[in-house]
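Visitor: I'd like to learn how the labels in a structure get decided. Could you walk me through some?

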Amino acid sequence: QEVTTEGGLDVFGQQEKMNEFVKPLLKAGIEVSLFIDPTEEQVLASAQTGAKFIELHTGSYSRAFGGENEEKEFQKLKKAAEIAQQHGLTVNAGHGLNYVNTYRMREIQGLHELNIGHTIISKAVFTGLEGAVKEMLKIVKFY
């Protein structure tokens, strides 16, 4: 029942609480990243907390991959990343990304990091870690 892995934090709906939670962390020099759904309201609310990083929840895109809603879900990620970068946030993304659907992340300009460790480790059980990492690097290579 871990809510944050099935959807992002509701920063927008809990703006004051999130601001108060993040403030002392930032004051202590701790970098803060907020795991959010790819909506404009969540991105803007995250920027207001003072956090410097967000991680866009890619679960809806991952579930829609190969279906009629894939493009719609992908465009949400792309737009959220653009808005976030316009507001000074560093953008990461992850959840449900795998060796089949990750390649589209290259279309999102300015992504800093993809959180895809689960799928790499799962594949490594069968192929070894070095091979699993090399294969994913080919998929995510931006240049």
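Visitor: Are tyrosine 61 and phenylalanine 74 buried or exposed?

Guide: Tyrosine 61 is buried, and phenylalanine 74 is too. Before we go on: this is a predicted model, where local features need pLDDT of at least 70, side-chain atom pairs count only at pLDDT 80 or more, and totals for chains, interfaces and linings use all residues. Residues are numbered from 1 along each chain as its sequence is written, and side-chain values use heavy atoms, with hydrogens and water left out.

Visitor: What makes tyrosine 61 count as buried?

Guide: Buried means under 20% relative accessible area, exposed over 50%, and partly exposed in between (1.4 Å probe, protein chains only). Tyrosine 61 has 1% relative accessibility, so it counts as buried. Phenylalanine 65, at 25%, counts as partly exposed.

Visitor: Why is the pair of tyrosine 61 and phenylalanine 74 called tilted?

Guide: Rings of Phe, Tyr and Trp (its six-membered ring) pair if their centres lie within 6.5 Å; planes under 30 degrees apart are stacked, over 60 edge-to-face, and the rest tilted. Here the centres are 5.8 Å apart and the planes sit at 55°, so the pair is tilted.

Visitor: And what makes the pair of tyrosine 61 and phenylalanine 65 edge-to-face?

Guide: Their ring centres are 5.9 Å apart and their planes are at 75°, so that pair is edge-to-face. Tyr61, Phe65, Phe74 and Tyr103 form one aromatic cluster.

Visitor: Which residue lies over the face of phenylalanine 74?

Guide: Arginine 104, at 3.9 Å from the ring centre. The rule is that NZ of Lys or CZ of Arg is within 6 Å of the ring centre and within 35 degrees of the ring normal.
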